[in-house]
Amino acid sequence: MELNCPICAKPLVATDNGAHCESCKKDFNIEARCPDCHKPLEVLKACGAVDYFCQNGHGLISKKRVEFVPVAD
């Protein structure tokens, strides 16, 4: 998964807490969004598994379909 900076469009570097843009010198959180409505997903963690749930009527979303978006801190 390669994410680009929403400000300068250069590739982001993964960090422990999200991502960092070397060009802009800004840090970003990575947010999981629904591929259908593009709203934030609820992250469900149990027994080592991570699932994503859309509270806007789209139900469980496969990790393969989740849109990961950088969001400014």
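Colleague: Which residue of strand 6 stands opposite F53?
Modeller: F53 has L60 of strand 6 across from it. Strands here are DSSP runs of E with at least two residues, helices are runs of H or I with at least four residues, and both are numbered from the N terminus.

Colleague: And what is the bridge partner of Y52?
Modeller: That's I61, also in strand 6.

Colleague: How many bridges are there between strand 5 and strand 6?
Modeller: Strand 5, residues 49–54, pairs with strand 6 over three bridges, in the antiparallel sense. Two strands are called paired if DSSP finds at least two bridges between them.

Colleague: Which residue in that hairpin takes a positive phi?
Modeller: G57 does, with phi near 95°. The hairpin of strand 5 and strand 6 has four residues between the strands.

Colleague: Before we go on, where does this model come from, and how are the residues numbered?
Modeller: It is a predicted model, with residues numbered from 1 along each chain as its sequence is written. Local features need pLDDT of at least 70 and side-chain atom pairs count only at pLDDT 80 or more, while totals for chains, interfaces and linings use all residues, and side-chain values use heavy atoms, with hydrogens and water left out.

Colleague: Thanks. What order do the strands take in the three-stranded sheet?
Modeller: The order is 4-5-6, in an open sheet with antiparallel pairing. Strand 4 (42–46) and strand 6 (59–61) are the edge strands, each pairing on one side only. From one strand to the next, the twist averages 40°, using axes that are lines fitted to C-alpha atoms (for helices over the stretch in contact) and angles from 0 to 180 degrees between N-to-C directions.

Colleague: How many bridges join strand 4 and strand 5?
Modeller: Five bridges, again in the antiparallel sense. A46 stands opposite A49 of strand 5, and the hairpin of these strands has two residues between them.

Colleague: Is C47 buried or exposed?
Modeller: C47 counts as exposed because its relative accessibility is 88%. Exposed means over 50% relative accessible area, buried means under 20%, and partly exposed is in between, with a 1.4 Å probe and protein chains only.

Colleague: Now A9: where is it, and what is its phi?
Modeller: A9 sits in the segment before strand 1. Its phi is near 70°, a positive value in a residue other than glycine. A9 also counts as exposed, because its relative accessibility is 53%.

Colleague: How far apart are V43 and E31?
Modeller: They are 9.9 Å apart in space, C-alpha to C-alpha, and twelve residues apart in sequence.

Colleague: What about the four-stranded sheet, what order does that one have?
Modeller: It is an open sheet in the order 1-2-3-7, with antiparallel pairing. Strand 1 (13–14) and strand 7 (67–72) are its edge strands, each pairing on one side only. Inside that sheet, strand 2 (residues 19–21) and strand 3 (residues 26–33) pair over three bridges, with C21 standing opposite K26 of strand 3.

Colleague: Zooming out, how many helices and strands does the protein have?
Modeller: Zero helices and seven strands. The C-alpha trace spans about 35 × 25 × 20 Å along its principal axes.

Colleague: How much of it is buried?
Modeller: Buried residues make up 23% of the 73 residues. Of the contacts with a separation of 6 or more, 34% come from residues 24 or more positions apart.

Colleague: Last one: how far apart are the mean positions of the positive and negative charges?
Modeller: The mean positions of the 9 positive and 10 negative charges are 3 Å apart. Lys and Arg count as positive and Asp and Glu as negative, with His and the chain ends not counted. Each charge is placed at NZ of Lys, CZ of Arg, CG of Asp or CD of Glu.

Methods:
Contact = heavy atoms within 4.5 Å.
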